[in-house]
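This report describes selected helix packing and aromatic contacts. The sequence and the structure are shown first.

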Amino acid sequence: MNNNIPIHNIRNIGLTAHIDAGKTTVTERILFFTGKRHKMGEVHDGEAVMDWMVQERERGITITSAATTTYWKGYRINIIDTPGHIDFTAEVERSLRVLDGTVALFCAVGGVQPQSETVWHQAEKYSVPRLAFINKMDRTGADFKGVVGEIKEELGANAVPVVIPLGEGENFRGIIDLVDMKAVYYDDAPEGAVIREEAIPAELLDTARKAREVMIERISEQDDELMELFINGKTPEKEKVVRAMRKATIRGDIIPVLCGAAFKNKGVRRLLDAIVDYLPSPTDRPPVIDTRSENNREIIRNPDDNAPLAALAYKITADRHLGKLTYIRVYSGILRSGKYVYNSTRDNEQRVGRLFLMHANKQEAIEELHAGSVGAVVGLSETRTGDTICSREHPIMLESIEFPAPVISVSVTPESRSDREKLSRALSRLAEEDPTFTVKIDRESGEFVISGMGELHIEIIIDRLLREFQVNVTVGRPQVAYRETIIGPIDHEKKHVKQTGGRGQYAHIKFRLEPGGPGSGFQFENEVKGGRIPREYIPAIERGFVDAMAEGPYAGFPMVDIKATVYDGTFHEVDSSEKAFRSCGRAAFIEGCRHAGLQLLEPIMGVEITAPEEYIGTVSGNLCSRRGRITAMETRAKASILTGKVPLAEMFGYVTDLRTMTSGRGTFTMHFEHYQAVPFSLAEKIVSERKEQPERRHSG
C-alpha cells in the first residue's frame with residue numbers, strides 16, 4: 001500500500017446500476033487500464049476478478065459487493081463494485097454509506113431502469129455525489145441524447161454531458177471531449193489500448209461547439225467567476241472549467257455525463273480522468289458527527305490521521321482461511337494492527353489482529369489503515385455491520401446503516417438429523433454477513449424459517465449452504481412476509497394485578513393507539529404528567545408494546561405502522577416493577593389492537609417486463625390476472641416495456657411462466673415498493689390457512 005499518497009488524492013467510489021448495465025465489465029476495464037490486472041476478465045466467461053463467488057461466475061451476475069484498490073495518475077482509487085439485482089440491495093445500501101462518490105451506469109439502450117432509479121435514490125439518501133456513464137454505446141438502438149433526457153426527467157438530475165459520442169450503435173467509434181474540444185478515437189486493436197486524439201471532424205464542429213456552450217452555461221449557473229466570463233463572451237481556461245465542475249458535482253448541483261462501450265474498451269480512460277477530476281476526496285466530504293451529540297455541542301471528526309480514531313464496520317464476511325473479516329471505512333485517525341480498539345455500539349474492547357487491503361477475495365497485508373481508507377480487519381469477532389470502531393479515550397457513535405426488511409420466507413430442514421447443529425451454525429454465519437437475511441425457529445414445527453429479499457436471494461443462500469457448508473436441506477414452499485396493522489384509533493386501559501404470595505405485580509396504564517403512515521414502523525410517545533407513572537417504568541411499557549408487535553393478534557405476523565401514546569396510569573409503591581409494566585404493556589397492546597380492528601398487509605412489488613410486441617397482450621392479461629395493476633407501457637428498440645405493481649404473493653415462479661408466454665424472449669425485474677392491505681376475503685383465507693398449519697404439520 002502506498003501510504004505516501006495524500007488524502008486529497010484518494011477517491012472512494014462505487015459503481016451502481018440496474019442489473020446487466022455493465023458495472024463489473026467497467027470495473028474489470030478500470031483494473032486493466034490502471035495496471036492492476038494484465039488480463040481482462042469477462043463476466044460471460046466467468047473470469048471477472050470482482051465476481052469471485054462460484055454463484056456469481058455461474059450466473060454472470062454480481063451478488064456481493066467486492067472492494068479493490070488501484071492507482072491512476074498519482075491518485076489512489078478504492079472501488080466497490082455493487083450488485084444490480086434488487087434481491088441484493090443491502091450490498092448497495094452498505095456500500096453507499098461509506099463511499100465518497102459513485103459512478104452511476106446506464107445502458108445506452110435501456111436508459112433509466114427500475115433498479116438504476118432505486119440505487120440513485122439510495123445515493124441521494126446519503127448525499128453521495130455522482131457522475132453518470134452511459135455504457136453500451138455500440139449496441140443497436142443506443143441513444144445518448146435520449147438517456148441524458150431520461151436522467152433529467154425521471155431522476156430530476158441536472159445532467160451535463162462533458163463528452164458526446166462519435167456515432168452510435170455499430171457506428172460508435174469514439175467521443176468528442178467537450179472540455180478539451182478534441183475527438184478521441186478508439187482503434188479496435190488487441191485489448192483496445194490504442195487511442196487517437198485528433199481535431200474534431202468539420203461536419204461535427206458546429207454540434208460540438210453548441211454542446212460545449214450548453215456545458216459552460218450550465219456550469220456557469222453554479223460558479224460566479226465562470227458566469228462573468230460567459231456573459232462577456234470569453235472562453236474560460238480548462239482548469240477553471242474543471243474546478244467549477246468539480247465543486248458543483250461535490251455539492252450535488254451537477255451530474256457530469258460521459259459515455260462509452262466498456263466491453264470494447266472505449267471511454268474507460270476518460271471515465272478514470274473524470275473520477276479524479278470531479279468526484280470528491282475524503283477531505284471534500286463533511287466531517288462525521290457523533291449521533292449522540294447533545295446540548296447543541298456536536299462531536300465531529302475531520303478526515304485527518306492526527307484526529308482520534310473513528311471508523312465504521314460496513315460489511316462482515318466469513319473467509320475460509322482467515323475466519324471472520326470485518327470491512328472498515330476509516331473516517332479519522334489511524335487503525336493499527338495489534339492495537340486495541342473500542343466498539344462504542346456494543347461497549348466492548350477488541351484487538352485488531354491483521355489488516356488488509358482487499359482485492360475482491362484476495363488480501364494484501366498492511367500494518368495500518370489511514371483516514372479516508374477502506375480495508376478489512378481480522379480479530380473483531382464481536383463486531384457487527386453498522387458498528388462504530390473508535391478509541392476508548394475519545395468515544396464516538398457514527399450513524400449506522402438501515403436495511404430493508406425481508407419480504408419472503410421459506411422453511412428449511414436438514415436432510416439428516418445429525419446435520420441440525422451444522423445447519424444452525426451455517427445459518428448464523430450467513431445471517432451475520434447479510435443484514436437482510438434473517439433466521440428464526442418455528443415454535444410449532446421446530447423448522448428453521450429463513451427470510452430474504454426475493455426468490456433469487458433465497459436460492460443463493462440454499463446454494464451456499466450446500467457448497468460452502470456442505471449441508472443438504474429440504475426447502476419448503478415460499479411464504480410471503482405479511483404484516484399486520486390496526487384499522488382505526490382506539491383509547492384503551494389495562495390493569496395488571498398479580499398476587500402470588502410475597503411481593504406481587506401491579507401496573508396500570510391508559511394509552512392511545514393510532515394507525516401510522518405507510519412505512520412509519522412503530523412510534524412511541526410518553527404524555528404521562530405529574531409522575532402518575534414513574535419515569536423509569538416508561539421504557540418497560542414500550543418494550544412490552546414491542547414484544548406484542550413481534551406476533552400480531554390477527555394471524556401471528558409482525559405488526560407495523562402504529563403510533564402508541566401512553567398518557568396516564570397508576571402504580572404501587574411495593575408491587576410495581578419494570579417486569580410488571582412490561583407484562584402489562586404486552587397484554588394491553590394486544591387487547592387494544594383487537595378493539596381497534598386489524599387488517600393484513602402484503603408486500604407490493606414494482607415490476608418492469610420487457611417482451612417482443614407480439615406477446616405484450618398476453619403478458620399484460622396475465623399480470624392483471626395476478627391482481628396486478630399496469631402503470632405504463634412503452635416501446636423501446638422494437639421491444640415493449642410494461643411497468644406495473646403486483647402483490648409478491650402472485651409472483652412466485654413468474655420467471656418460468658414469462659418464458660413460456662414469450663417463447664423464452666421475455667425478461668422482468670422486480671423490486672419492493674410498499675405494503676398494502678390484502679382484500680378482506682383473501683386475508684381471511686390466509687389467516688385460516690396459517691391457523692391450520694401446525695395441525696397439518698403434526699398430522700404429517
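**Basis of the description**

Two residues are taken to be in contact when their heavy atoms lie within 4.5 Å. The model discussed here is predicted.

**Leu226 and its surroundings**

Leu226 is located in helix α7. With a relative accessible area of 1%, Leu226 falls under the 20% limit and is therefore buried. When neighbours within four places in sequence are set aside, Leu226 is in contact with Ile219, Ser220, Pro236, Lys240, Val241 and Ala244. Between Leu226 and Ile216 there are 7.9 Å from C-alpha to C-alpha, and the two residues are ten apart in sequence.

**Helix α6**

Helix α6 covers residues 202–220, 19 residues in total. At 1.5 Å a residue it should span 27 Å, and this agrees with its end C-alpha atoms, which are 27 Å apart.

The buried residues of α6 are Ala208, Arg212, Met215, Ile216, Arg218, Ile219 and Ser220. These buried residues pack against several elements: the helices α5 (144–155), α7 (224–231) and α8 (238–251), and the strands β6 (159–161), β7 (163–166) and β8 (174–177). As a general point, an α-helix has 3.6 residues a turn, so residues three or four places apart point the same way.

**Packing of α6 with α7**

The axes of α6 and α7 are 8 Å apart, and the two helices pack at an angle of about 135°. The arrangement of α6 relative to α7 is therefore oblique. On the α6 side the contact is made by Glu213, Ile216, Glu217, Ile219 and Ser220, and on the α7 side by Leu226, Met227 and Phe230. Sorted by class, this contact of α6 with α7 has five nonpolar, one polar and two charged residues.

**Aromatic pairs**

Eleven aromatic pairs are present in the structure. One of them joins Phe522 and Phe589, whose ring centres are 6.4 Å apart and whose planes are at 80°, an edge-to-face geometry. Phe522 belongs to strand β32 (residues 522–526) and Phe589 to helix α13 (residues 578–596), so the pair ties together parts that are 67 residues apart in sequence.

The two partners are also described by their accessibility. Phe522 has a relative accessible area of 23% and is partly exposed, whereas Phe589, at 0% relative accessibility, counts as buried. Both residues belong to one aromatic cluster, formed by Phe511, Phe522, Phe524, Phe545 and Phe589.

Technical notes:
Residues numbered from 1 in each chain as written. Predicted model: local features only at pLDDT ≥ 70, side-chain atom pairs only at ≥ 80, totals over all residues. Heavy atoms only, no water. Helix = DSSP H or I, 4+ residues; strand = E, 2+ residues; numbered from the N terminus. Expected span 1.5 Å × (residues − 1). Buried < 20%, exposed > 50% of the residue type's maximum accessible area, 1.4 Å probe, protein only. Axes fitted to C-alpha atoms, helices over the stretch in contact; angles between N-to-C directions. Parallel < 35°, antiparallel > 145°, perpendicular 65-115°, else oblique. Nonpolar A, V, L, I, M, F, W, Y, C, P; charged D, E, K, R; others polar. Phe/Tyr/Trp six-rings, centres within 6.5 Å; stacked < 30°, edge-to-face > 60°.
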